[in-house]
Amino acid sequence: MADKLRTQQQLESLQNKYIGTGHADTTKHEWTSNIARDSYASYQGHPPLLHYMSIGMGVPTERVRMMCMEKMVLPVGPAPVVED
């Protein structure tokens, strides 16, 4: 029983520390937004991948970096309206 409690506490600690790990109340929109933001951040953090994308799009690397940053604001669109 102690192991189960310790595991649960560690999971809660991770969820408080890292937003993207999710929890029972995470909506589909929040989950997909976190995944998209993580992807855009990864693209910016790996210059060879960013360069590859810029060649494929035919635009400068810095423009691709800016497009990724702009997409991080609302990566999957506005949140859906919650019905009570």
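Predicted model: local features only at pLDDT ≥ 70, side-chain atom pairs only at ≥ 80, totals over all residues.

Leaving aside residues up to four places away in sequence, Ser54 touches Val59, Pro60, Thr61 and Val64. Ser54 is found in helix H3. With a relative accessible area of 4%, Ser54 is buried, because that value lies under the 20% cut-off.

Helix H3 spans residues 47-57, and its buried residues are Leu50, Met53 and Ser54. Viewed down the axis of H3, these buried residues fall within an arc of 100°, so they line one face of the helix. An α-helix has 3.6 residues a turn, so residues three or four places apart point the same way. The other side of H3 carries the exposed residues Pro48, Tyr52, Ile55 and Gly56. After H3 comes Gly58, with a positive phi near 75°.

| Helix | Residues |
|---|---|
| H2 | 28-45 |
| H4 | 61-71 |

The largest nonpolar core has 6 residues, namely Ala36, Tyr40, Leu50, Met53, Val64 and Cys68. At least two residues of this core come from each of H2, H3 and H4. In soluble globular proteins, nonpolar side chains tend to be buried together.

Ala36, one of the core residues, touches Pro75 and Val76 when residues up to four places away in sequence are not counted. Val64 also belongs to this core and is among the residues that Ser54 touches.

Definitions and conventions. Residues numbered from 1 in each chain as written. Heavy atoms only, no water. Buried < 20%, exposed > 50% of the residue type's maximum accessible area, 1.4 Å probe, protein only. Helix = DSSP H or I, 4+ residues; strand = E, 2+ residues; numbered from the N terminus. Arc of directions from axis to C-beta. Contact = heavy atoms within 4.5 Å. Core = buried A, V, L, I, M, F, W, Y, C linked by side-chain atoms within 4.5 Å.
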